[in-house]
Amino acid sequence: MTDAEISCFSEIKKTPVSLRQILETTDPYEAARFLHSEFPVRCAERIRMIERIATSQWVNVPELVEAHGRHVLAFWKLRAVSLDADNRGGLDAFTEAVVDVVQENVDMTALITKGMTDLYRNSDEEMIDPAYVDNFLNTFLLNRLGSNVLLKQYLAVVSPEEFGFGMYNEQTGEGIVDPECDVARLCRETARSVGQMSKKETEQMPPPITVEAFSASENDRSHNGMSTSPTFSFIPPALGYILRELLKNSCRATVDACRGLPRGEVRRRPISVTVSADDSRMMICVADRGGGIPFDRVENVWSYLHSTT
């Protein structure tokens, strides 16, 4: 019955969800009902995406087989729970299923990316070319991101203290979306963690990371008229992930560029993070002295098949 259900749900159009809707959904049962009906639609779409890869060779790629199996299991786990509309029954069982789905798929991005990379390397390029891989992963991961937002928002609403995903705003109570995300503070916290990570991996002091923030927005001014840290509505862990990857690359490039140079050179090549904002836009600029990217490789930096390391 599961495959027939997957086929049925894969034909249903996803329901668009805005940040405002996420912020306004604070009732656990209401959030559960929406997730119970919406997650299977998105999950089924990703299952069929894997099955419809241009070559049937995906069944010979362990990572793609694993990703497919996990999605089928996740679909089944949430569909297997019944939510009783009359007495709000089934909420505990549903919450347990959501926790399982989240925890069992934390490495899905790396898994599906490696799977598609291996498929490309072992397939005829006329069937699987770089553009196909990039388009597949862009679509797949964007779909997955939407699912993760719904899953983790539900857990943040139902019991933030118990599940401790670090995504609940205790001051505002709005779940994973922070209406006043302090970008500079997030940059500094991420910089500290990346610095510690770099030191552990390279066994040497990392380049210093400086963070400056500027705002021309009237919303970012204190009572005395002084500019404060820029803020905007966003999902802090998502932004933190992007920053972490950028800063990891900058640290790695800087350390590599200083190999063979006098000791301490890496400390003389700081990485700078500049946050700028006005009333409608936010910009984060990351700059390093790691040597840059050759012009003939710039067009490849957005490809999943390209690596700078």
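Which residues form a nonpolar patch on the surface? I found Ile293, Phe295, Val298, Val301 and Trp302, with about 620 Å² of accessible area together. Patch members have over 30% relative accessible area and no salt bridge, and nonpolar side chains are joined within 5 Å. Phe295 sits in the segment after β5 (282-287). Phe295 is exposed, at 80% relative accessible area (exposed means over 50%, buried under 20%, with a 1.4 Å probe and protein chains only).

I noted the ground rules. This is a predicted model, where local features need pLDDT of at least 70, side-chain atom pairs count only at pLDDT 80 or more, and totals for chains, interfaces and linings use all residues. Residues are numbered from 1 along each chain, and side-chain values use heavy atoms, without hydrogens and water.

Next, the cores (buried Ala, Val, Leu, Ile, Met, Phe, Trp, Tyr and Cys joined through side-chain atoms within 4.5 Å). The largest has 27 residues; Leu35, Phe39 and Tyr154 are among those touching the most other members. Helix α3 (28-51) gives the largest share of this core, 9 residues. A second, separate core has 18 residues, including Leu111 and Phe140.

Last, I checked ring pairs (centres within 6.5 Å; planes under 30 degrees apart are stacked, over 60 edge-to-face, the rest tilted). The whole structure has 4 aromatic pairs. Phe9 and Phe75 are edge-to-face, 5.7 Å centre to centre, with 75° between the planes. Phe9 lies in helix α1 and Phe75 in helix α4, 66 residues apart. Why is the pair of Phe136 and Phe140 stacked? Their planes are at 20°, and their centres are 5.7 Å apart, so the pair is stacked.

Notes
Helix = DSSP H or I, 4+ residues; strand = E, 2+ residues; numbered from the N terminus. Patch = residues over 30% accessible without salt bridge, like charges linked within 9 Å, V, L, I, M, F, W, Y side chains within 5 Å. Areas by Shrake-Rupley, 256 points an atom, 1.4 Å probe, with all protein chains shown as cover. Salt bridge = Lys/Arg side-chain N within 4 Å of Asp/Glu carboxyl O. Phe/Tyr/Trp six-rings, centres within 6.5 Å; stacked < 30°, edge-to-face > 60°.
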